[in-house]
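I opened a new notebook page for this structure. My entries follow the order in which I looked things up.

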Amino acid sequence: MTRLQIHTRIDEWLLIAVMVTLPWSLRINAFLLGLWFLNWLIEGQWRNKFSNPPGLFRMASWAFFLLLALRCLGEADPALAFKVTERKAAFLLIPLLSMGSRNRKESANKNAALYFNLSMILFFTYCLSEAISELWISGDSSVFFYHRLVAPLDQHAVYISALCLLNLITVRRYVPGKVWLFLHLIFFVFLLLLSSKLMMALYGLYTLYQLLAYMGKGSLRRVYLWIPVAVTLLVLTIPNPLRTRYLDISPERLQYITQEHIGQEVYLDGLSLRLLQLRFAAEILNDEQAWLYGVGQLNTQQLLDESYRSVDLYTPDSPEDNGYLGYNFHNQFAESIVQGGIPVFLALCLVFAGLMRKAVKDKNRDLLFTSLLFVLFCLTESVFERQLGVVSFLVFSYVNRQSGDIIQYVNQTKETSS
């Protein structure tokens, strides 16, 4: 085995390790990502990768990170500000790693997808066993739902829901149709328990697409896909935690979005809170005259907390309960423009534009689904303020993007030979 083959094999196993550890431990995941980059540097093949200009996705990813890093120089404590920016370092590293992806066989992506699928099943098995144990002690069935289900591993229910969908999208091309349909039902149960409104809606759209794709391919496959549709309709009609979360949205609360005084006793649902936060983002940028450069990453949360206080939202600021204090914008686009101004906002938009452009050009549906999932996710959460969100987006974009490259290359080879 040559030196290049050894590094390529290590690269393949480190990709698997990075994906497998995503739901389990972010510290281990960050360590493995560092090893992956170190192996890439030692391999030395990267010197040949810069002979061709990088695409829009790579350049936008680098710009997004570097603009935020440069913005740290203008903050009161640049070193502390850069510690916040470090969460997004994967925007610099993983696009560099992807420049060496031609050395990897498609079988490596298959192994990564299958091992990740197994990791997610084991993850939920562990969480369910912990929930059963807690139910036995306390008798509280809410331990099976939303954040409490994934609390034993200190995870966030919405981000884990995104990993469920990403798993279904990625593993689909590597397993037989009937196996994938069975996995589809398993992860549907997980998504129900995690109770994320956005991810359930995206799951419904993805299932609808698959129903249309399976038209004329046998009644059994369609039956498998109609099961989650029927169960979802049933869940929305009988009392249960997921139905309660959907009913929590009230159009009457939208009146608070424009009010100058809201009051400590007012409860805001997810939609009204997010719209109010968009208003605060515009007000902060106007008041600070910061549309071009932003207010910096250290000041963003502080100014947002001041906005909560300005309308007298529930902000007790006690050790036991901070109320709305500490809530970020729940919108990555708003978060980015407040942190770094219009240049950072445009860089983020170009990241998604470059990815979707690649997906459309290569007719890569899995990459397109991944891109759209994260665009919508970023409209409801500050996804890239968490390491899990950053690495999940880049790793799955990397795997699905590279698979599209290889599949297209193989198809072109077949057409030429024939």
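**Overall make-up.** I took helices (H or I, at least four residues) and strands (E, at least two) as DSSP runs, numbered from the N terminus. I found 17 helices and 0 strands in the chain. This is a predicted model, so I noted the rules: local features need pLDDT of at least 70, side-chain atom pairs count only at pLDDT 80 or more, and totals for chains, interfaces and linings use all residues. Residues are numbered from 1 along each chain as its sequence is written, and side-chain values use heavy atoms, with hydrogens and water left out.

**Confidence.** I looked up pLDDT, the predictor's confidence in each residue, from 0 to 100. The chain averages 85, and 84% of the residues score at least 70. Over residues 404–418 the pLDDT is below 50. Beyond near neighbours in sequence, that stretch has 11 contacts in the model; a contact means heavy atoms within 4.5 Å.

**Burial and surface.** I called a residue buried under 20% relative accessible area, exposed over 50%, and partly exposed in between (1.4 Å probe, protein chains only). Of the 418 residues of the chain, 50% count as buried. I also noted an accessible surface of about 19,900 Å² for the chain. Carbon and sulfur atoms hold 63% of that surface. The areas come from the Shrake-Rupley method with a 1.4 Å probe; for residues, only the protein chains shown count as cover.

**Aromatic pairs.** How many aromatic pairs does the structure hold? I read 30. Rings of Phe, Tyr and Trp (its six-membered ring) pair if their centres lie within 6.5 Å; planes under 30 degrees apart are stacked, over 60 edge-to-face, and the rest tilted. I picked Phe 91 and Phe 393, a tilted pair at 6.3 Å centre to centre with 40° between the planes. Phe 91 lies in helix α5 (residues 90–97) and Phe 393 in helix α17 (residues 387–417), so the pair ties together parts that are 302 residues apart in sequence. Phe 393 also forms a tilted pair with Phe 384, at 5.2 Å centre to centre and 45° between the planes. Phe 91 is buried, with a relative accessible area of 0%. Phe 393 has a relative accessible area of 0% as well, and Phe 384 is buried too. Ring pairs link these into a cluster whose members include Phe 57, Tyr 159, Phe 374 and Phe 377.

**Helix α16.** I checked the length of α16 (residues 365–380). The expected span is 1.5 Å times one less than the number of residues. Its 16 residues should span 22 Å, and the end C-alpha atoms are 23 Å apart, which agrees. Among its buried residues I listed Phe 369, Phe 374 and Phe 377. Asn 364 caps the N-terminal end, with a side-chain oxygen 3.3 Å from the backbone nitrogen of Asp 366.

**Helix α13.** I did the same for α13 (residues 270–287). Its 18 residues should span 26 Å, and the end C-alpha atoms are 25 Å apart, which agrees. Its buried residues include Leu 273, Leu 276 and Phe 280. The buried residues pack against α14 (297–310) and α15 (332–362). Just after α13, Gln 289 takes a positive phi of about 50°.

**Ile 42.** Buried or partly exposed? I found Ile 42 partly exposed, at 45% relative accessible area. Ile 42 sits in helix α2 (residues 26–43). Not counting residues up to four places away in sequence, Ile 42 touches Arg 3 and His 7.

Note on methods: Polar contact = N/O pair within 3.5 Å; in protein donor to acceptor, adjacent residues only side chain to side chain.
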